[in-house]
Amino acid sequence: MCSPDQATVGEFLIALVYTGRVSAEIHPRAIRSFVTRAGRITEAQQRALDVSWPKYGVEFSAQPLDLAALFGRSAPRVVEIGFGNGENLAALATAHPERDYLGIEVHRAGVGRLLLAVESAHLTNVRIACHDAVEVLEHQVRPGSLDEVLLLFPDPWHKKRHHKRRLIQAPFVALLASRMNSGAVLRLATDWEPYATQMLETLSASADFVNLSPDGRFTERAPERLPTRFEKRGTRLGHGVWDLAFQRT
Ligand SMILES: C[S@@+](CC[C@H](N)C(=O)[O-])C[C@H]1O[C@@H](n2cnc3c(N)ncnc32)[C@H](O)[C@@H]1O
């Protein structure tokens, strides 16, 4: 379920785990890359969460997923982490019926929006996880099973004391590398230059990836990437956009 109480329960568990009152096999992570937004859910989104989630939703569990069984076939697999409203993921899945797309997002309204888009376009190649992507990748995605990973406009966590919440850091890059096939491509974009620099430095320091940019820095915007909600917002604010593409060795 993409439950509204998930974060509250998670935070309660963290409190118990970190006060030593319980020990659980899967501990919710202490430092997360997101905060739960209460956010308004429209009636249509709520209906999609109620009706369509059982068809497209992937429940979180500690067991690895059988992705071939989940999609009913073996096809190239793309994961989009933090898809927001899912406009880019829905467009890609429509343009590439030969690929399978697993979207991971904790924001319920965004999950509801993507469910609506998937239903209205009759997409059969999309599944959605409503859970922390770090835990989904760690526990549910088998090593070497992904052909492409998209991380578009991840939360930049501007303040220095929050930098530890940024997703792109060496341990997460190692986790991504472990889940990707040799030759798979990791595509990132951000509108926050210091985070773009951090992405470039962290990925360049990893022996698991090579930069696809001819000058070893940033790439052209991927032609099929739709402007996402956060990208449009950044553009309105006069921000630049930095795209990166790295290939798994
Ligand atoms: C700044 S928004 C960008 C959304 C979208 N990619 C776009 O460009 O409009 C970052 C998104 O990542 C999601 N997110 C952050 N950390 C996450 C995590 N660990 N697992 C799943 N989603 C996450 C947030 O809920 C948020 O919707």
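Mentor: Let's talk through the ligand site, then a pocket and the sheet.

Mentor: One thing to keep in mind is that this is a predicted model.

Trainee: Okay, ligand to begin with. How many residues surround the ligand, and which are the closest?

Mentor: There are 19 residues around the ligand, and the closest are Ser33, Glu105, Ala133, Leu152 and Thr228.

Trainee: What does Glu105 do with its polar side-chain atom there?

Mentor: A polar side-chain atom of Glu105 sits 2.5 Å from one of the ligand's oxygen atoms. With Ala133 it is the backbone: an N or O atom lies 2.8 Å from a ligand nitrogen. Phe230 also has a polar backbone atom 3.1 Å from an oxygen atom of the ligand.

Trainee: And is the ligand buried or exposed?

Mentor: Buried: on its own the ligand exposes 590 Å², and the protein buries 97% of that.

Trainee: What's the shell made of, by class?

Mentor: Eight nonpolar, six polar and five charged residues make up the shell around the ligand.

Trainee: Switching topic, what volume does the second largest pocket have?

Mentor: Its volume is about 260 Å³. The lining of this pocket has 20 residues, with Glu148, Leu150, Arg187, Ala222 and Glu224 nearest the centre.

Trainee: Which element gives the most to that lining?

Mentor: That's β5, with four residues. The elements supplying at least two residues each include α5 (87-95), β5 (146-152), β6 (180-190) and β8 (242-248).

Trainee: And how does the lining split by class?

Mentor: Ten residues of the pocket lining are nonpolar, two are polar and eight are charged.

Trainee: You mentioned β5 and β6. How do those two pair?

Mentor: β5 and β6 run in the parallel sense, paired over six bridges. Leu150 stands opposite Arg187 of β6, and both residues are among those nearest the pocket centre.

Trainee: So what's the strand order in the whole sheet?

Mentor: The order is β1-β4-β3-β2-β5-β6-β8-β7, eight strands in an open sheet with mixed pairing. At the edges are β1 (57-58) and β7 (209-211), each pairing on one side only.

How values were computed. Residues are numbered from 1 along each chain as its sequence is written. This is a predicted model: local features need pLDDT of at least 70, side-chain atom pairs count only at pLDDT 80 or more; totals for chains, interfaces and linings use all residues. Side-chain values use heavy atoms; hydrogens and water are left out. A residue is near a molecule or strand if one of its heavy atoms lies within 4 Å of it. A polar contact is a pair of N or O atoms within 3.5 Å; within protein, one must be able to donate a hydrogen and the other to accept it, and residues adjacent in sequence count only if both atoms are side-chain atoms. Accessible areas come from the Shrake-Rupley method with a 1.4 Å probe; for residues, only the protein chains shown count as cover. Ala, Val, Leu, Ile, Met, Phe, Trp, Tyr, Cys and Pro count as nonpolar, Asp, Glu, Lys and Arg as charged, and the others, Gly among them, as polar. On a 1 Å grid over the protein atoms alone, a cavity is a set of points where a 1.4 Å probe fits but cannot get out, and a pocket is an open set with protein on both sides within 12 Å along at least five of seven lines; lining residues have an atom within 4 Å of a point. Grid points are joined across faces, edges and corners, and a volume is the space filled by probe spheres set on the points. Two strands pair if DSSP finds at least two bridges between them.
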